[in-house]
Each structure stands twice: as C-alpha cells, then as structure tokens.
Amino acid sequence: MSLSERTHDGETKDPPPSSYEFTHAAAKSAVAQICETVGYNHFKDPPLESLTGFAIQYILQLGKIATSFANLNGRSQCNVFDIVLALEDLSGNDNNAEERGCSALRSVKLREIIEFVKVSDDGEEESPFLQTLPRFPVSDKRKKMMVVPSFVEVGEIPPGKHIPLWLPAFPDPHTYKETPMWIERGLDPRGDKIEQARQRRKAERALLSLQRKLVCRGDGDRVWGDMDVGGVKGEIREAESEVPEDEKRDGVSVVEAFAPALEAARDVVFSEDDAEWKQKKQKKKPVVLSKLRTEKKFLGEPLDLTLQMKGEDRSISLREEDRDDKRRRAEFILRQCMENPVDLNQL
Amino acid sequence: MNHGQQSGEAKHEDDAALTEFLASLMDYTPTIPDDLVEHYLAKSGFQCPDVRLIRLVAVATQKFVADVASDALQHCKARPAPVVKDKKQQKDKRLVLTMEDLSKALREYGVNVKHPEYFADSPSTGMEPATRDE
C-alpha cells in the first residue's frame, strides 16, 4: 500500500493525516525516559529511533499473540493468562517446556516482571511519563461534521431490531420520499388574464392622470383659441380653471383625464346656449372665445358639460352618472343646435 | 493424589500471588502512558477493558527496553575510556546511546541492526578490477 494515494481522476493526493507521527513521537519520548532511568544522559537520534521502533513492535507483537491465544480458546477478550503465554512465546526461552504448569506464576518471564516492579517500587525509581497525552484517538471536529452521526448520537431508534445503535443513522424521509410542501392553488388562467388586464387598465389610468396633472401645472396662462380641436383643449382648460382651487389640488380632474381622448377624436359643436351655461355658473369665468362651427358636425361625445355647471360637487364616484346626464343634455342641445341655425338663418 | 493436592495448593498460592501482583500494579505507574499502550494494542486486535492488563503490558515493554538499554550501557562502559589530558577531567565519560552499543545489545535478542560502515554507489565499488569485469 503506497503512501501517496491516487484519486479517481488520477491526481496524487497527500495521505490523510494518520496518528502514526504523533504516537511515534510520544513513544520516543517514553523510551528516552526509560533510558534515562537506566543511566544514559545523552542520546543519538538513530539508535533512539531504532529502540523506539523495537518497543512499539514489542507491544504490537504482545497484543497479537495474546489475541491469538484468546481466540484459540474461543474467547474474544484477552485475560492475564493470554498475556503471560504471549510473554513466554516472545522470550524464546526453552525453559518450562516440560515443567509448565497450569499456573501462570510458574512463568519465568512473569516472575522477572514482578521482580522488576518490586525493584522499581522499592527503589522509588518509578518515573511516570512526564508529559500529558490527549485521549486517543483525537477526533477531528472538521471531519466529524462530514461524518454521518450514528443512531445513538442522533437519538433515534433504528427501525428494526437487527440494526445496531452504533451504525450511522438513516437519512430523513423527506430526502427520498416526495412529500407535498405547497398547498396547490387551483389554476385559473382566464381569471388570471382578466385580473392582469384590469390591473393594466388601472395603471394606464393612473399614468394618464399624472400626465394631465403635469401638463396642467405646466401651463401658466391659458390661451384660448378657436373652438376647433385645439379649442376643445381650451375648453377643457377653461373648465379646469373654473374648478375651485382646493379641488383642483386635491385630485385628478376628470376633465384632464379624458381630455386627450376627446381631443384626438372630434370637434364639439356648441350652440348659443353657451351663454346660458355661463349664467348658471356661480363663479366668474374668463371669457370664452368660442366660435361656432356649424358646418362641422358633432361627431362624438361632448365634453363634460355638466361639470361646468356642477362646479363644486364633483366627485369621482359620481363620474358615471354625470356622464349619462351629460350625454342626455348634449343630445338635447344638439337637437336645439340643429333647429337653431335654421332659426338664425331665418333671422 | 498427593501430587494433585500439592499442585492444588501451589495453584492457590500462585493465584493469590498473581492477584496481589496485579493489585500492586495499580500503585506503580509505568513510564509508558496507558493511552499509548492501549492504542498500539488496539491496533493489533487486543481487546480488554481491564486497566491492569494494559499496565502489565506497559510494564513488560518497559522491562524489555530497560534490559536492552542497560546492556548497551554495559557495552558503552566497557569501552576503554579516552586518554585523559586534563587533570580535572574525570574518568566518567559522557554516556551516549550510540548505534554500535545498541546493535551489540540487540544481537543477544536475535535482532540484527548492524549499521553499514559506509555507503557505496554501486555493489561493485571497491572490488578488484578483474572481478568487476565479470
């Protein structure tokens, strides 16, 4: 097994940090301490490294042989007799070949160890490891975040008695099952379109009124021209000017809102009844220079004539009713107009 | 039967001594820390929850290292001391663990750690020209 592993895409990756270096360094310092108790003051690095390697190998071999002895006897956990047998095995002594009894204490090695301990204890040569070691193995918290927690850590009971608790937990059901998350609203494309159109109309209306407002504000003096298409605009402005100041400021004047539509479409024919209207007005108006163009026919809807009469009570909510009234009156006036020229001519 | 009784008694004694020894192990702290020994034992498959057994292994290892080191020390001391030039300089020389002493000590344990005296470029370096041609 090579130290440098290759990943799937063929790149060489550094080997994952193993605990080898740390344990080796710890073992080296322990071995150096033992040599110090023996009597050494100075060490050269190569022999110290070799001795450390031997010590580690000794421990590993002891463990391996003890485990095999335990397994031979049908046990998975070792006990003291397994260790004693392993010690005997490693020592390579030929003694006790025939005299070996059941008791472990008959083992020479063990006796030697006991002697060693006694000597150390009596002579107070006990030298525990001088540095504190962290608990093995040191868990890398960064890695632990990526590792799936076990059932015990998550606190779940595994579904099924055959699954032990120390295995990684199952993923949450929402990761592999389709669970409904949103309350589904009924699709209504037609309704949605109607709603959309309505909102668009609203927006257009608002934009128009804003435009009119700006235009009106921009106009300082009003020049009243002929009552043609431009005159219509003039009429509108006049109407606008009649409006009491506070009302004008408040909201959008309906006249302004509908002015462009009317302007673009048609001419308005006014009769001499203009004068009557003026009389009806409560407030003073600037003089309206309006020429009658009898040749031109009345083509469309007139202005909001009633607005001129009801100067004060204008409210947007009554707009529809006003329009109907206006239409009726306009038609009445038209009829009169048609009749009047005849009369005028006669005059 | 007598033999069996005797062995039985001896067994009891041995067992008592063993338990006593294991108890005494808890008082004695080996130089090699328990965690380190446990780590290496776990690597080789040794599984035991008892701390005394781990201490036993630690003590056994300590004894082994101490034996090797003491043998090397013997070799070191046995070497003739350097010529004393200064009157103040004592006979005690610096006790340094060297590869030579260690290799001599380990040979008795059946381990060959002989350090090469020199490093050569190729296997045939230093040989006679006649043999080199072959």
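A residue counts as buried when its relative accessible area is under 20%, as exposed when that area is over 50%, and as partly exposed in between (1.4 Å probe, protein chains only). At 19% relative accessibility, A:Lys28 is therefore buried.

This is a predicted model, in which local features need pLDDT of at least 70 and side-chain atom pairs count only at pLDDT 80 or more, while totals for chains, interfaces and linings use all residues. Residues are numbered from 1 along each chain as its sequence is written, chains are lettered from A and ligands numbered from 1 in the order in which they are written, and side-chain values use heavy atoms, with hydrogens and water left out.

**Chain A**

Helices (H or I, at least four residues) and strands (E, at least two) are DSSP runs, numbered from the N terminus. On this basis chain A comes to 13 helices and three strands. Of its 347 residues, 31% count as buried. Contact means heavy atoms within 4.5 Å. Among the contacts in chain A with a separation of 6 or more, 53% are between residues 24 or more positions apart.

A:Asp82 is found in helix 3 (residues 80–91) of chain A and is buried, with a relative accessibility of 1%. Leaving aside residues up to four places away in sequence, A:Asp82 touches A:Ala66, A:Phe69, A:Ala70, A:Asn73, A:Arg75 and A:Gln77. With one of these, A:Arg75, the side chain of A:Asp82 makes a polar contact by its own side chain (2.8 Å). A polar contact is a pair of N or O atoms within 3.5 Å; within protein, one atom must be able to donate a hydrogen and the other to accept it, and residues adjacent in sequence count only if both atoms are side-chain atoms.

**Salt bridges**

A salt bridge is a side-chain nitrogen of Lys or Arg within 4 Å of a carboxyl oxygen of Asp or Glu. Over all chains the structure holds ten salt bridges. The table lists three of them.

| A:Asp45 | A:Lys28 | 2.9 Å |

A:Asp45 forms its salt bridge with A:Lys28. This pair links distant parts of the chain, with A:Asp45 in helix 2 of chain A and A:Lys28 in helix 1 (residues 20–38) of chain A, 17 residues apart. A:Asp45 is partly exposed, at a relative accessible area of 43%. A:Lys28 and A:Asp45 also belong, with A:Glu49, to a network of salt bridges.

A:Asp325 and A:Arg328 both lie in helix 13 (residues 319–346) of chain A, three residues apart, about one turn of the helix. An α-helix has 3.6 residues a turn, so residues three or four places apart point the same way. A:Asp325 is partly exposed, with a relative accessible area of 23%, and A:Arg328 is exposed, at 52%.

B:Asp101 lies in helix 4 of chain B and B:Arg79 in the loop between helix 3 and strand 1 of chain B, so the pair ties together parts that are 22 residues apart in sequence. B:Asp101 is buried, with a relative accessible area of 0%, whereas B:Arg79 is partly exposed, at 31%.

**Helix 4 of chain B**

The buried residues of helix 4 of chain B are B:Met99, B:Asp101, B:Leu102, B:Ser103, B:Ala105 and B:Leu106. These buried residues pack against helix 2 (45–72) of chain A, together with helix 3 and strand 1 of chain B.

**The interface of chains A and B**

Across the interface, 56 residues of chain B are in contact with 61 residues of chain A. Buried area is the accessible area (1.4 Å probe) that two parts lose on being put together, summed over both. Between chain B and chain A this area is about 5300 Å², of which carbon and sulfur atoms give 76%. No salt bridges are counted between the two chains, but eight residue pairs are in polar contact (both at pLDDT 80 or more).

The elements that give two or more residues to the side of chain B that touches chain A are helix 1 (2–27), helix 2 (34–43), helix 3 (51–78), strand 1 (96–97) and helix 4 (99–107) of chain B. Helix 3 of chain B gives the most to this side, with 17 residues. The residues of this side divide into 37 nonpolar, ten polar and nine charged. Here Ala, Val, Leu, Ile, Met, Phe, Trp, Tyr, Cys and Pro count as nonpolar, Asp, Glu, Lys and Arg as charged, and the others, Gly among them, as polar.
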